[in-house]
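User: I am new to this structure and would like to learn how to read its features. Could you take me through them step by step?

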Amino acid sequence: MSAVMDTIYNNYLTTYTPKSITRFDTHKNSELRSIYNSIVKINKESPWYLPTTSSDTQQYAIELKEGARELRNTIAQLGGLDDNGLFDKKSAYSTDEDIAAVTYTGSENPDDKVPSFDLEVRSLASSQENLGLFLPADGQIGLPADTYSFDVAINDMNYEFQFSIGENETNIELQERLVRLINNSDIGIAASIAASEGRTSLRLTSDASGLSNDRTQIFTVTDDRTSKASGMVDYFGLDYTSRNASNASFLINGVENSSSSNSFSIGNLFEVQLKGISPTNEPVKIGLKTDIESLTDNVSYLIRGYNNFIQAASSYLDSQPRSGRLVKELSGIARLYSDSFDKTGLSVQDDGLINIDRKHLRQVVSESEDASQTFDYIRDFSVNLLRKSNQVSLNPMDYVERTIVAYKNPGHNFVNPYSTSAYSGMIFNGYC
């Protein structure tokens with residue numbers, strides 16, 4: 001049962017939320033209890049609605065919740081969950097973002113000066129790739145009709161895949177079927193088809209990169225001990241590794257290091273994402289930006305999070321009429337602060353998006369004697385956005401067109417904590 005639930009949740013994450021998961025997605029028992037109590041309170045007097053069956057509407061509701069979660073995490077990452085934290089977030093710099101992107105993860109009020117580092121990237125971590133034999137795409141399969149199976153070993157787990165070969169089936173037909181079979185399993189391997197001059201091949205690529213624990217391969221493909229007919233691995237050549245996985249190699253202040261991933265941390269101060277190879281003897285410098293640049297980045301990051309959420313809601317204006325209500329509410333929050341925005345290089349557009357003049361914003365920050373006071377309105381703005389994101393997250397169905405079945409009898413209803421959370425059951429529809 002646990003494995004089934006993992007598969008369902010992974011499908012939910014990969015289908016509806018390609019966003020990254022942060023530490024703010026974990027919660028204390030008291031926070032979960034507060035959310036539950038809020039749902040109960042919302043439902044106490046709410047009417048009964050017909051269930052939502054449209055798959056498009058269901059996806060819309062889920063994406064609204066995920067957009068609200070992302071906006072909340074944006075505010076949280078800036079320290080906006082604390083009264084004065086929004087102005088304390090430090091920003092890191094990299095002299096070449098095409099080589100290495102960096103995020104500061106250390107203390108917001110470090111006692112000592114945070115050192116800078118020289119980073120020279122020699123090689124990136126790579127994934128494993130198995131490339132099969134190139135077979136005539138329209139040629140008939142050279143295996144007898146039967147039920148076949150093969151095993152894939154990855155991450156200390158073994159998975160068996162079964163499929164049938166019918167009469168007169170072509171190579172490309174079965175290859176396309178195997179691509180869907182492997183990709184839908186979501187085991188950490190991406191399958192695709194490589195084509196060349198009328199011939200096609202199955203390509204298997206690991207999601208993970210690098211090697212650890214003295215391993216030589218991330219995954220292996222065999223069918224010598226499988227439960228059904230064997231022979232497909234040899235026929236398609238899936239056991240041939242065309243590219244071995246490798247670790248990233250780099251120098252930090254002249255000291256050689258390696259990592260199985262292209263993402264790693266330096267001294268609990270910086271999170272580094274490697275993107276390219278450094279030119280010889282031209283290291284990338286990594287360090288903390290000045291307070292002026294950090295505050296400018298914080299304001300820009302908050303506005304970008306707001307814009308992303310309002311753009312996501314606006315994309316459904318044609319198909320989901322009530323999404324216009326959310327857009328109006330979000331832009332209404334922004335327009336409350338339009339005068340303060342104008343003075344600091346920000347401007348609210350007709351569609352509700354906020355435009356940023358970074359040059360003007362940076363000038364205001366640098367000339368301000370007390371940035372906390374000058375940008376106090378940003379704190380109020382973020383508080384209102386946080387309140388709205390929590391509301392949408394609790395009840396995204398409030399922005400869905402639904403038919404009311406009946407109103408509850410005032411003063412004589414019963415507690416029903418689940419009706420606003422109907423969207424949470426939508427992810428299970430394909431598994432029931």
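**Reading helix and ring pairs**

Analyst: In this predicted model, helices α7 and α11 are roughly antiparallel to each other, because their axes cross at roughly 165° and angles over 145 degrees count as roughly antiparallel.

User: How is a pair of packed helices described in general, and which residues of α7 and α11 make the contact?

Analyst: Two packed helices are described by the angle between their axes and the distance between the axes. Here the axes of α7 (residues 323-335) and α11 (residues 376-394) come within 10 Å, and the crossing of α7 and α11 is right-handed. On the α7 side the contact is made by L326, E329, L330, I333 and A334, and on the α11 side by F381, N384, L385, K388 and V392. Sorted by class, this contact of α7 with α11 has seven nonpolar, one polar and two charged residues.

User: What describes a pair of aromatic rings, and how many aromatic pairs are there?

Analyst: A pair of aromatic rings is described by the distance of the centres and the angle of the planes. The count comes to 14 aromatic pairs. One of them, Y104 with F270, is edge-to-face, with 5.8 Å centre to centre and 65° between the planes. Y104 lies in strand β3 and F270 in strand β16, so this pair ties together parts that are 166 residues apart in sequence.

User: Are Y104 and F270 buried or exposed?

Analyst: Y104 is buried, and F270 is buried too. Elsewhere, ring pairs link Y306, Y337, F341, F375, Y377 and F381 into a cluster, and F381 also belongs to the α11 side of the helix contact described above.

Methods:
Residues numbered from 1 in each chain as written. Predicted model: local features only at pLDDT ≥ 70, side-chain atom pairs only at ≥ 80, totals over all residues. Heavy atoms only, no water. Axes fitted to C-alpha atoms, helices over the stretch in contact; angles between N-to-C directions. Helix = DSSP H or I, 4+ residues; strand = E, 2+ residues; numbered from the N terminus. Parallel < 35°, antiparallel > 145°, perpendicular 65-115°, else oblique. Left-handed = near helix turned anticlockwise from the far one by under 90°. Contact = heavy atoms within 4.5 Å. Nonpolar A, V, L, I, M, F, W, Y, C, P; charged D, E, K, R; others polar. Phe/Tyr/Trp six-rings, centres within 6.5 Å; stacked < 30°, edge-to-face > 60°. Buried < 20%, exposed > 50% of the residue type's maximum accessible area, 1.4 Å probe, protein only.
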